[in-house]
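Subject: Structure handover

Hi,

Here is the structure for you to look over. My notes on it follow below.

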Amino acid sequence: MRRLAVFLGFCAGFFGVSHSATAQTYGEPAFGSETRQDILDAIRPQAEWSFAPPIAFVVGEIRVAGNVAFATVRAQRPSGEQIDIFTTPDALRGQLDPQAGNGPTMEVLLQKSGRVWVGVHYGLNSSEGWWYDPVYCPIWSAVLPEVCQ
C-alpha cells in the first residue's frame, strides 16, 4: 500500500497535480522567466552527463519558495526526439537500470547559493518518489508540503 501511495505521489508531482487539502507555499516560475531558465540550466550538466547532450527539457513542474526549489523534468533531444534510456551514458556505465523506472526523467531538489541555483539531490529514472522521505523537510518543506505537514 505504501508503494502505491508513493507511486501516486510521484505521478501527482510529475504532472503538476496538487492535493486540494495541501496548502501551497510555493510558486511556479513563468515560462521564459529568468528563474525558470536558471533552474533548468542548473540541472542541465547532470542531464547531459547522464543522458548525453544535447538536452531539452519537458517540464513536469518547478516549485520555488525563496531559496529552495523542486523540479520534475523529462529529458529529450532539442528536436523533440525521445531519448533511448538503454543507450544513455548512465545505462552504459551501469549507473541506472534502464528496465526499471520512468525513462529519462529527473527530480531535483535545488538551493540558491548567492545568485546561482545548485542541484543538491537528484533522482534519475526514478520508479518511486524518493523525495517523499521526511529527511528533506528541514530545508525543502516549502516546496514539498505534501510530505512535510
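C137 and C148 are both buried; buried means under 20% relative accessible area, exposed over 50%, and partly exposed in between (1.4 Å probe, protein chains only). A disulfide joins the two, with an S to S distance of 2.0 Å. The term covers a pair of cysteine sulfur atoms within 2.5 Å. The structure holds one disulfide. The torsion about the S-S bond of C137 and C148 is about -85°, so the disulfide is left-handed. The pair links distant parts of the chain: C137 sits in helix α4 (residues 137–140), and C148 in the segment after α4, 11 residues apart.

Before you go further, note that this is a predicted model: local features need pLDDT of at least 70, side-chain atom pairs count only at pLDDT 80 or more, and totals for chains, interfaces and linings use all residues. Residues are numbered from 1 along each chain as its sequence is written, and side-chain values use heavy atoms, with hydrogens and water left out.

**Overall layout**

The chain has four helices and four strands. Helices (H or I, at least four residues) and strands (E, at least two) are DSSP runs, numbered from the N terminus. From the N terminus on, the order is α-α-β-β-α-β-β-α. Of the 149 residues, 42% count as buried. Among contacts with a separation of 6 or more, residues 24 or more positions apart account for 59%. Contact means heavy atoms within 4.5 Å.

**The sheet**

Four strands form an open sheet in the order β1-β2-β3-β4, with antiparallel pairing. Two strands pair if DSSP finds at least two bridges between them. β1 (56–65) and β4 stand at the edges with a single partner strand each, so one side of each is left without a neighbour in the sheet. The twist averages 25° from one strand to the next. Axes here are lines fitted to C-alpha atoms, for helices over the stretch in contact, and angles run from 0 to 180 degrees between N-to-C directions.

Here are the pairings, one by one.

- β1 with β2: nine bridges join β1 to β2 (residues 68–76). A56 stands opposite Q76, and I62 has A71 as its bridge partner. The two strands form a hairpin with two residues between them, and G66 in the turn has a positive phi of about 60°.
- β2 with β3: seven bridges join this antiparallel pair. A69 has L110 in β3 as its bridge partner.
- β3 with β4: eight bridges join β3 (residues 105–113) to β4 (residues 116–124). L110 stands opposite G119 in β4. This is also a hairpin with two residues between the strands, and G114 in the turn has a positive phi of about 65°.

How much of β2 is buried? Eight of its nine residues are, so β2 is largely enclosed by the rest of the structure.

**Helix α2**

Helix α2 (residues 34–51) lies across β1, β2, β3 and β4, and runs at about 130° to β1. Its buried residues are R36, I39, L40, A42, I43, A47, S50 and F51. They pack against β1, β2, α3, β3 and β4.

Just after α2, A52 takes a positive phi of about 80°.

**G103**

G103 lies in the loop between α3 (89–92) and β3. It is buried, with a relative accessible area of 15%. Not counting residues up to four places away in sequence, G103 touches R74, I85 and N125. G103 and I85 are 18 residues apart in sequence, and 5.7 Å apart in space, C-alpha to C-alpha.

Best wishes
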